[in-house]
Amino acid sequence: MNGCILISDLRMNLIYEQLIKKELNVIGIKNSEDVQIAIKNCHEIDFVILPMSGIDDRGFCRLFDQSVEILPFLKKCTNHLTIYTGVINPILISQNWTIVNMSQFSEVLNVNSLLTAEGVLMMLLTKTEKSIYEYTYDVVGYGHSGRAICDLLEKLQLKFKVISRSVDDTCPYNQIDYETWDSQKVSDIVINTAPTCVLNKERINSWNKMPIIIDISTRGIGVDIEFHQHEKVLIAPSLPSITAPYSAAACLVKLLEKELNL
């Protein structure tokens, strides 16, 4: 079995090193030059491991600080290609490939949620100018990452509320829906985990004071793009790969070992 891995950060590089140690025939791609080399062997490629953020709607992939077009290479690979990724978009679905969403496996989902919460705490400690106890917080979304973030804020005894499309009776925290949120004063810091543009232009402009916004959604989709360059808007990178790359890599390696029968 032959494959390649798109190395976008330390986490993906650690995964690559572990797969090589297991004597798997895998090509590491770190830049556009590596893509051209891989194209020469594309007819032998059985699987491709994309970064957890996948590829964007133009077929590009972010590898460290370089945006690399990867779609033409994928299209040249074998018809039975299997792609491992953390985000699935229409481009991937439109092709006749087997897509494995690694982020949907419980062992990956649970670890990534905890590491994401750690990453949010890191941003609160390093990107704000006052003690974290001097702020109030709105956590938008109550999925796996949202719950992990709320659990951490609760342990730290910070003042927060949960914002979601509808109120979940099982949520142990102060939770309100979007409509109620719009009628109240926004907190000092808004942490968005929702994978849709909840923080749209209309909603942001309705606030009397611009809060600090930390958006952990993929490629900042949770915030209207018009505000991406605002000084108070922090579009989070892939937090698990920054806060604990070795832990983030380890859980993915375990999953790939099972998927690739290593």
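**Asp56**

I started with the side chain of Asp56, which reaches the backbone nitrogen of Phe60 at 2.8 Å. That counts as a polar contact (a pair of N or O atoms within 3.5 Å; within protein, one must be able to donate a hydrogen and the other to accept it, and residues adjacent in sequence count only if both atoms are side-chain atoms). A polar atom of the Asp56 side chain also lies 2.9 Å from the backbone nitrogen of Arg58. I placed Asp56 in the loop between β3 (47–49) and β4 (60–63). Helices (H or I, at least four residues) and strands (E, at least two) are DSSP runs, numbered from the N terminus.

The model is predicted: local features need pLDDT of at least 70, side-chain atom pairs count only at pLDDT 80 or more, and totals for chains, interfaces and linings use all residues. Residues are numbered from 1 along each chain as its sequence is written, and side-chain values use heavy atoms, with hydrogens and water left out.

Is Asp56 buried or exposed? Asp56 counts as buried because its relative accessibility is 17%. The cut-offs are under 20% relative accessible area for buried, over 50% for exposed and partly exposed in between (1.4 Å probe, protein chains only). Leaving aside neighbours within four places in sequence, I found Asp56 in contact (heavy atoms within 4.5 Å) with Asn89, Ile91 and Arg219.

**Gln175**

Next I looked up Gln175, in strand β10 (residues 175–177). Gln175 is buried, at a relative accessible area of 10%. The side chains of Gln175 and Ser164 make a polar contact at 2.8 Å. Not counting residues up to four places away in sequence, Gln175 touches Tyr142, Val162, Ser164, Ser166, Val167 and Asp168.

**Helix α2**

I checked α2 (residues 32–39) and found Asp34, Val35 and Ala38 buried. Down the axis of α2 these fall within an arc of 105°, so they line one face of the helix. The arc is that of the directions from the helix axis to the C-beta atoms. Their packing partners are β2 (25–29), β5 (66–69) and α3 (71–76). Asn31 caps the N-terminal end of α2, with a side-chain oxygen 3.1 Å from the backbone nitrogen of Glu33.

**α5 against α10**

Last, I took α5 (residues 106–127) and α10 (residues 245–259), which pack at about 175° with axes 10 Å apart. Axes are lines fitted to C-alpha atoms, for helices over the stretch in contact, and angles run from 0 to 180 degrees between N-to-C directions. The pair is therefore roughly antiparallel (over 145 degrees). On the α5 side I noted Glu107, Val108, Val111 and Leu115; among their α10 partners are Cys251, Leu252 and Leu255.

Terms used:
Parallel < 35°, antiparallel > 145°, perpendicular 65-115°, else oblique.
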